[in-house]
Amino acid sequence: MIIYFIRTDSLQYEARGEKFCKYVEHHGYAVLMAAVVKKNFKVNFRSIQKVVNIGNKLIPQWGRHLVKFVAIQYFFFKTYHKRREQISHIVIGNYEFLPAALILALISRTRIYIDLHEHYFTRLFINPHFANFILTKWLDGVIFANHARAEDLLGQYSGGEKVSIVRNFPDIKGGSIVVNNFHVNQKIKLAIVGNIAPGRFVEESIRYLDSNQFASKIELHLFGRIPLIKTLFVEHVNHGSFNHDEIDDLMQSIDVSLVFYDRSYSKNYFLCEPNRFFQAYNAGNKIICFDHPSISEFYDDHVLVINEDNFKCEFVQAVSSLTDKLNNDKNNNERTRKVLTYNDGITGLKWLK
């Protein structure tokens, strides 16, 4: 049995772990997801959930972090101890489990891998030599979301046989899809998916589009934990929170998706592998985004790349350019895209074979 440890707010919104577990099962392994969550949620795969929610404001922040850290390590060891005879491999899906995993690696022959899909800190590993020692010598291997992240952390060791790539492509059937043309005299349906957070330009996008210039041209669709807002000119629909397995269907009715992660905000954003890009890509949406080395290979004629340093001007111009095409069908050239599937994004994982 392979056990996958993950820390998340709720498995309701966790797509990455579920997709990985399904992939493992397809290779003949029993798999169990062991999750530290803020609240329990019924899911359609085998899991155990430990609720850890230290939200008492009377406890200082450092105290809450310490309690949570200890609880995560305890959960790891307790879960492993109860099932140690059945477990053949361990995959840890967050760096918070790393201390316990390093200790267990010294006293157990169970193979342990770390999935640094999004959250890792270069400074934590000092340099590529030390990172390679920890991740592929002390532990048994490491999984990254893309090659850009592997090269950033491991440098010359990024091509090692113990280094795997598991891109966060959707877990859907393959094939191809046509990027549809706009239709004259209809409003463009433009989507913003995700939560309001620094560096994601959600509030800015809504504010800059809410003008008389776009009032008769676009319709905003908001997906995620975005607060109810008022717009003066542009009609908008706030769809609210959604489960991860709903978004692929929801995006089918959208024309244009905004996918913004400010590269200067953090290295995590610079090397991002945004779900939103792949979901929009597979739905045949046109996309407006920033330039990222991890997804640039997918840019086609229907992906508009703008500069975050001149966001307002370039963003408004990009949307204006798209709306202008409503009255010029000659500019609406159809393009067929290959649908990105989860299996296509996997390199390595030789230990499953």
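This is a predicted model: local features need pLDDT of at least 70, side-chain atom pairs count only at pLDDT 80 or more; totals for chains, interfaces and linings use all residues.
**Stop 1: the surface patch.** Select Ile103, Leu106, Ile107, Ile126, Phe130, Phe133 and Trp138. Together they make a nonpolar surface patch of about 730 Å². Now colour helix H3 (98-107) and helix H4 (128-138). Each of these helices supplies at least two residues of the patch.

**Stop 2: Phe130.** Stay on helix H4, where Phe130 is found. Is Phe130 buried or partly exposed? Its relative accessible area is 33%, so Phe130 counts as partly exposed.

**Stop 3: Thr136.** Select Thr136, also found in helix H4. Thr136 has a relative accessible area of 5%, so this residue is buried. Show its side chain. Which backbone oxygen does the side chain of Thr136 reach? That of Asn132, at 2.6 Å. Next, select Gly141, Val142, Lys162 and Val163. Thr136 touches these four, leaving aside residues up to four places away in sequence.

**Stop 4: the largest core.** Go inside. The largest nonpolar core has 35 residues. Select Phe5, Phe76, Ile90, Ile92, Leu135 and Phe144, which touch the most other members. Helix H3 gives this core its largest share, five residues.

**Stop 5: Ile90.** Return to Ile90 and show what surrounds it. Ile90 touches Ile3, Phe5, Phe76, Tyr80, Leu104, Thr110, Arg111, Ile112 and Tyr113, again leaving aside residues up to four places away in sequence.

Definitions and conventions
Residues are numbered from 1 along each chain as its sequence is written. Side-chain values use heavy atoms; hydrogens and water are left out. Patches are made of residues with over 30% relative accessible area and no salt bridge: like charges are joined within 9 Å, nonpolar side chains (Val, Leu, Ile, Met, Phe, Trp, Tyr) within 5 Å. Accessible areas come from the Shrake-Rupley method with a 1.4 Å probe; for residues, only the protein chains shown count as cover. A salt bridge is a side-chain nitrogen of Lys or Arg within 4 Å of a carboxyl oxygen of Asp or Glu. Helices (H or I, at least four residues) and strands (E, at least two) are DSSP runs, numbered from the N terminus. Buried means under 20% relative accessible area, exposed over 50%, partly exposed in between (1.4 Å probe, protein chains only). A nonpolar core is a set of buried Ala, Val, Leu, Ile, Met, Phe, Trp, Tyr and Cys residues joined through side-chain atoms within 4.5 Å. Contact means heavy atoms within 4.5 Å. A polar contact is a pair of N or O atoms within 3.5 Å; within protein, one must be able to donate a hydrogen and the other to accept it, and residues adjacent in sequence count only if both atoms are side-chain atoms.
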